[in-house]
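Here's a friendly walk through one protein model. Take a look at it first, and then we'll go through it piece by piece.

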Amino acid sequence: AQAHTIKVRVRAADTVPASIKGPQYGMSEAITIIIDNQARSLAQQTFDAQEQEIRKELNAALEQLTQAKANAADKETQLSVPGKIPENVQKQIEDVRRETAAAEATMRDLSDKVKDTAFAKLAPDIREVPENHIEPARKAAEMAQLSDKPKERADQAKAILDSAQLLAGS
């Protein structure tokens with residue numbers, strides 16, 4: 001890796017007129033600039049940083065959806081039983097609602113963030129994920145919590161799990 005070195009000093013002058021002993025000058029310390037032809041370009045560094053940030057956000061949403069999927073497991077059977085929903089099942093459905101809402105917010109934020117990056121063309125696709133896939137799972141969790149009918153609750157639980165499996169993998 002061959003690097004070239006340039007040393008510069010900056011000389012500055014003020015605008016004091018000659019009649020009052022001007023202009024006055026100042027000189028900087030030597031500044032060394034090293035040019036490394038093997039270094040990644042600023043554009044590549046920016047692209048890589050943007051990609052890393054997008055991956056981080058996508059992984060956060062995936063983790064939230066994986067948690068929602070784990071909490072949604074076996075809920076179809078548990079919610080199909082007549083009567084009041086057991087407290088532990090209610091908590092797990094609330095966790096599903098909370099996790100899907102968090103994933104939805106993460107993806108919507110990411111959609112807004114990518115608009116000002118090299119990945120701007122992905123913004124509509126990223127925006128589509130929460131609208132078409134995560135939001136239905138969140139709404140199904142909300143409906144499962146609110147319904148008094150075992151069949152309705154079981155159907156909502158199945159919808160949650162179907163969405164979660166689609167998004168977080170089976």
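In which loop is P23 found? P23 is found in the loop between β2 (11-13) and β3 (25-27).

## Before we start

Keep in mind that this is a predicted model, where local features need pLDDT of at least 70 and side-chain atom pairs count only at pLDDT 80 or more, while totals for chains, interfaces and linings use all residues. Residues are numbered from 1 along each chain as its sequence is written, and side-chain values use heavy atoms, with hydrogens and water left out.

## The overall layout

The protein has 5 helices and 4 strands. These are DSSP runs numbered from the N terminus, with helices being H or I of at least four residues and strands being E of at least two. Going along the sequence, you get the pattern β-β-β-β-α-α-α-α-α.

Now for its dimensions. The C-alpha trace spans about 100 × 45 × 30 Å along its principal axes. The radius of gyration of the protein is 29 Å, whereas a compact globule of 170 residues would have one near 15 Å. That radius is taken over C-alpha atoms, and the globule rule is 2.2 Å times the number of residues to the power 0.38.

## Surface and contacts

Of the 170 residues, 26% count as buried. Buried means under 20% relative accessible area, exposed means over 50%, and partly exposed is in between (1.4 Å probe, protein chains only). As for contacts (heavy atoms within 4.5 Å), take those with a separation of 6 or more: residues 24 or more positions apart account for 67% of them.

## The loop between β2 and β3

Back to P23: the peptide bond from G22 to P23 is cis, with omega near -15°. K21 sits in the loop between β2 and β3 too, and its phi is near 65°, a positive value in a residue other than glycine. Most peptide bonds are trans, and most residues other than glycine have a negative phi. K21 counts as exposed because its relative accessibility is 74%.

## Either side of α1

With 46% relative accessibility, A39 counts as partly exposed. A39 and V81 are 42 residues apart along the chain, and their C-alpha atoms are separated by 64 Å.

D74 lies in the loop between α1 and α2 (75-79). Its phi is positive, about 65°, although D74 is not a glycine. At 58% relative accessibility, D74 counts as exposed.
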